[in-house]
Amino acid sequence: MGSSRLCSRSACRQPAVATLTYVYADSTAVLGPLATYAEPHCYDLCAPHAERLTAPRGWEVLRLARPEQQRVGHDDLYALAHAVRETEAEKRVAPPIETPVPRSAPTAIEPGDSRTMTRRHLRVLREGKQEP
């Protein structure tokens, strides 16, 4: 699957393979794999420009491995297969069965002095008693 984005360097018409981002607070230039989406504050670079990238004096260049640069060795594959087998072999522990606890009724509200009540349209009704 090819990229439709081109290198951000002027007069370069090669396809972009890496994305350059500046972290000004840390004086760091981060060069990593091509970003999923084109961002206005990032620069897409082709392979030759990505390899020749230098940063200003006092800045650090952090190069993250691009997918085509990452090689998976036999040891890595065996370790991955072993981890998958261990995960499948582990017994799944069922969550403990919770017994339902009956809810208690809320405490009854005692009527206060009618002179201190600010909302006179609200009243407390007691069970078994009829209000006039």
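**View 1. Contacts across the whole chain.** Among contacts (heavy atoms within 4.5 Å) in the protein between residues at least 6 apart in sequence, 51% join residues at least 24 apart. This is a predicted model, in which local features need pLDDT of at least 70 and side-chain atom pairs count only at pLDDT 80 or more, while totals for chains, interfaces and linings use all residues. Residues are numbered from 1 along each chain as its sequence is written, and side-chain values use heavy atoms, with hydrogens and water left out. The protein holds 2 helices and 4 strands, in the order β-β-β-α-β-α along the sequence. Here helices (H or I, at least four residues) and strands (E, at least two) are DSSP runs, numbered from the N terminus. Of the 132 residues, 15% are buried; buried means under 20% relative accessible area, exposed over 50%, and partly exposed in between, with a 1.4 Å probe and protein chains only. The exposed surface comes to about 12,200 Å², with carbon and sulfur atoms supplying 54% of it. Accessible areas come from the Shrake-Rupley method with a 1.4 Å probe, and for residues only the protein chains shown count as cover.

**View 2. The open sheet.** Here you can follow 4 strands in the order S3-S1-S2-S4, with mixed pairing. Strands S3 (43–45) and S4 (60–63) are the edges, each pairing on one side only. From one strand to the next, the twist averages 25°; axes are lines fitted to C-alpha atoms, for helices over the stretch in contact, and angles run from 0 to 180 degrees between N-to-C directions. Two strands count as paired if DSSP finds at least two bridges between them. Strands of a sheet pair through backbone hydrogen bonds, either parallel or antiparallel.

**View 3. Strands S1 and S2 side by side.** Strand S1 (residues 18–23) and strand S2 (residues 28–33) run antiparallel and are joined by 6 bridges. To find your place, look for Val23, which stands opposite Thr28 in S2.

View 4. A pair of aromatic rings is described by the distance of the centres and the angle of the planes. Rings of Phe, Tyr and Trp (its six-membered ring) pair if their centres lie within 6.5 Å; planes under 30 degrees apart count as stacked, over 60 as edge-to-face and the rest as tilted. The count is 4 aromatic pairs. In one of them, Tyr22 and Trp59 have ring centres 5.9 Å apart and planes at 85°, so the pair is edge-to-face. Tyr22 lies in strand S1 and Trp59 in the loop between helix H1 (47–51) and S4, so this pair ties together parts that are 37 residues apart in sequence. Tyr22 is partly exposed at 29% relative accessibility, and Trp59 is partly exposed at 25%. Tyr24 and Trp59 also form an edge-to-face pair, 5.8 Å centre to centre with 85° between the planes. That pair links Tyr24, in the loop between S1 and S2, with Trp59, 35 residues apart. Tyr24 is exposed, with a relative accessible area of 62%. Ring pairs link Tyr22, Tyr24, Tyr43 and Trp59 into a cluster.

**View 5. Cys12 and Cys46.** A disulfide is a pair of cysteine sulfur atoms within 2.5 Å, and the count by this rule is 0. Cys12 is in no disulfide, and the nearest cysteine sulfur, that of Cys46, is 3.7 Å away. For Cys46, too, the closest cysteine sulfur is that of Cys12, at 3.7 Å, too far for a bond. Cys12 counts as buried because its relative accessibility is 9%, and Cys46 counts as buried at 1%.
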